[in-house]
Amino acid sequence: MRPIVIAANWKMNTTPADAGDLARTIASRTREPGVTRVICPPFVSLAAVRDALEGEDVATGAQNVHQELAGAYTGEVSVPMLAGLATWVILGHSERRAYFGETDELVGKKLDRAVAGGLRPILCVGEVLADREAGRETQVVDAQLKGSLEGRDPATLLAAGFVIAYEPVWAIGTGLTASGADASAMADAIRASLVALGWGSAAEDVPVLYGGSVTSANVGEFLSEPAIDGALVGGASLKPDEMAGICARAGITAAARGLTS
Ligand code: PEP
């Protein structure tokens, strides 16, 4: 049975001075049976968030990680540096791809390193508006998956708790969202891509999240789709009221899918 995951991507927001309080407040207001919660603050706030979440069933995640273990990579953070700070990691976020030139090949290397180091990866994929308008969104996402997953062992990735987040780039931080039906169709296409990559029936075991301007008001549209297993939340994840609403709705889906018994 696939888990229901609500992952908060705080992006470049919060400081070590305020991140702990925010994480504690969110954790206390989002306890829902059957809902897996993850908070991904900036690197420098990971320790504060980890400490604030002690005793709470909320994981911490990084928003990125370098593909090498150590070396002359000024300003970068490696997998071993995250030991004790994070158990999850977001990889290939569209902002990393757009602003930092991350390619599918690089994301694949990061994925290998993250999995080898025991981090649970959330691999982000999604098309830009021009691709959607041209009707080539599934080809774009298929190419992203192929570019970063080809040759990887499905069993190894499944054992690492591999998660995919479908995030249409035009919906991130814009207030626009895909429809539930479109997100569901893409989740089906993502699993078909995995099958084409040799995953067989294991493709059905990979959770697919939706991300892109998710709020408490619209999350139900996605979570009511059987192919969608949660949300990667950006802007709304900094607001405890929003996170409370999103997780409450996720709890309804978790119960409906038999994850709470
Ligand atoms: C994200 O950062 O992954 C994201 C989906 O952001 P937002 O919810 O703000 O669109």
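**Notebook: pockets and ligand**

I began with the second largest pocket, for which I noted a volume of about 190 Å³, taking a volume as the space filled by probe spheres set on grid points that are joined across faces, edges and corners. A pocket here is an open set of points on a 1 Å grid over the protein atoms alone, where a 1.4 Å probe fits and protein lies on both sides within 12 Å along at least five of seven lines, and its lining residues have an atom within 4 Å of a point. Of the 15 residues lining the second largest pocket, I listed those closest to its centre as Lys11, Gly173, Ser213, Gly234 and Gly235.

I kept in mind that this is a predicted model, in which local features need pLDDT of at least 70 and side-chain atom pairs count only at pLDDT 80 or more, while totals for chains, interfaces and linings use all residues. Residues are numbered from 1 along each chain as its sequence is written, and side-chain values use heavy atoms, with hydrogens and water left out.

Next I looked up the ligand, which sits in the second largest pocket (more than half of its atoms lie within 2 Å of the grid points). I found 15 residues around the ligand, the closest being Lys11, Glu167, Gly173, Ser213 and Gly235 (near means a heavy atom within 4 Å).

For polar contacts (pairs of N or O atoms within 3.5 Å), I recorded a backbone N or O atom of Gly173 at 2.6 Å from an oxygen atom of the ligand, and a polar backbone atom of Ser213 at 2.7 Å from a ligand oxygen. A polar side-chain atom of Asn9 lies 3.0 Å from an oxygen atom of the ligand. Taken alone the ligand exposes 290 Å², of which the protein buries 96% (Shrake-Rupley method, 1.4 Å probe).

I then turned to the largest pocket, which holds about 490 Å³ of space. Of its 16 lining residues, Lys11, Met12, Gln63, Arg96 and Phe100 are the closest to its centre. Helix 3 (residues 94–100) gives the largest share of this lining, four residues, where a helix is a DSSP run (H or I) of at least four residues, numbered from the N terminus.

Key:
A polar contact is a pair of N or O atoms within 3.5 Å; within protein, one must be able to donate a hydrogen and the other to accept it, and residues adjacent in sequence count only if both atoms are side-chain atoms. Helices (H or I, at least four residues) and strands (E, at least two) are DSSP runs, numbered from the N terminus.
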